[in-house]
Amino acid sequence: MVSAFGLMTTVAGCGLMPGDDERVTLKLVAADYGDSEANSSRKYWDALVEAYEKDHPNVRVDVSVHSWNDVDKKVKDMVAAGEAPDLAQVGTYADYAAAGKLYEMSELLSIPVQANFLSSLAEAGEVDRVQYGIPFAASTRVLFYNKKLFKEAGITRAPRTWSELATDAEALKAAGVKTPYALPLGPEEAQAETMQWLLSGGAGYTDNVGTYQIDSDENVKTFTWLKDELVDKGLTGPADPAKLNRADAFSAFAGGQVGMLNGHPTLMRIAAGKGIEYGTAAMPGVDGSSHGTMGVADWMMAFKQNGHQEEIGDFLDFVYSDENVLDFSREYNLLPVTSSASDAMAADKDDAALRPFLEELPTSELYPVGKTSWAQVSAAVKESIGTAVGQDTDPKTVLGRLQRMAVSAENKE
């Protein structure tokens, strides 16, 4: 295994490794993408580190893997205790960058590796136009639909507009489908379902210059449509949207109870494992015209505290080799974050099922993770956005409250 483009050096002019009588230990905290011990991310990192250390006897890489429920807190506690890891692979980076605790990406990676990241992901890793967050894994969202249920309802193709989606949902309901459209606005990942709908309505969480616009006219119209045309007509489920989590929506789809839902690549494996014949399509837009698609990325960041800049950079060049990026992406049904690995996946017939997601990634829009306020805003969306489609609720009121909270959080940065 070699680093991207055959390079094993760091930024020009830097030495490779310390002398034979020294041994540098890099500490890496990573998130676990597996759903069991059999496919824990621990196995991926163990194999990668073994290969790296074989050719770098003076460097030891100590990896600890934690669940997504625990990993962010683990890193936060280590930093607070003055024991920051050298590297952390988690879901956010902005707070640490704003506090001056991270290396800039340009201080670490070789120029070919820097240039190989997909531009939309690289830009999302910036704080004040300086990249600190290094993309590690990515995914996009598409519409999944149950082909068997569509056929039974007389539907011949996936919806392309909101109007078609509502019509198809009505047809599915008339055919006896329990949940025509699953709308997970519960606390697990409501910020994702929300963002995809906001984008398909022509807006998003922020405007073109990064200012929060949660209660914009377009966003209010989006949630008013969801409430009036789907929720109030009994076309959503299998639970109240405010209480429905993504995992439960996926499970219901895999159980053959859901006609349509917004999903990411992991759903392919879940559905196929239950024998569900499904199709995928671009998420319908308000009028069928081109609109933004949501992308999601997880991040690698490097802390300055221990001063292992050269060793960190060399190790990361290895991490981002095509072989390693593709191994990780294929193991967990995720998308490569580099152009060369993306091209390789797109050209491989064995990865054909991921092509709809790959096609969306280069132009996808990501959460505003470069804002230190985003963590607070995201938590507020998870907690309350489901009430925007509840009975006797005005979506404009809920979105207005979230907008005021977002502005307040932003002003405290």
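Modeller: Happy to; here are some questions and answers on a predicted model.

Biologist: How many of the residues of helix 8 are buried?

Modeller: Helix 8 spans residues 190–200. Its buried residues include E193, Q196 and W197.

Biologist: Which residue just after helix 8 takes a positive phi?

Modeller: Look just past the end of that helix, where phi is about 95°. The residue with this positive phi is G202.

Biologist: Is Q403 buried or exposed?

Modeller: Q403 sits in helix 17, which covers residues 395–411. Leaving aside neighbours within four places in sequence, Q403 is in contact with Y212, Q213, I214 and D215. Buried means under 20% relative accessible area, and Q403 has 11%, so Q403 is buried.

Biologist: How are helix 13 and helix 14 oriented to each other: parallel, antiparallel, perpendicular or oblique?

Modeller: The axes of helix 13 (residues 322–331) and helix 14 (residues 339–347) come within 9 Å and cross at roughly 55°. That angle makes helix 13 oblique to helix 14.

Biologist: Is the crossing of helix 13 and helix 14 left-handed or right-handed, and how do the residues of the contact divide?

Modeller: Helix 13 passes helix 14 in a right-handed crossing. On the helix 13 side, D322, V325, L326, S329 and R330 take part, meeting S340, A341, A344 and M345 of helix 14. The residues of this contact divide into two charged, two polar and five nonpolar.

How values were computed: Residues numbered from 1 in each chain as written. Predicted model: local features only at pLDDT ≥ 70, side-chain atom pairs only at ≥ 80, totals over all residues. Heavy atoms only, no water. Buried < 20%, exposed > 50% of the residue type's maximum accessible area, 1.4 Å probe, protein only. Helix = DSSP H or I, 4+ residues; strand = E, 2+ residues; numbered from the N terminus. Contact = heavy atoms within 4.5 Å. Axes fitted to C-alpha atoms, helices over the stretch in contact; angles between N-to-C directions. Parallel < 35°, antiparallel > 145°, perpendicular 65-115°, else oblique. Left-handed = near helix turned anticlockwise from the far one by under 90°. Nonpolar A, V, L, I, M, F, W, Y, C, P; charged D, E, K, R; others polar.
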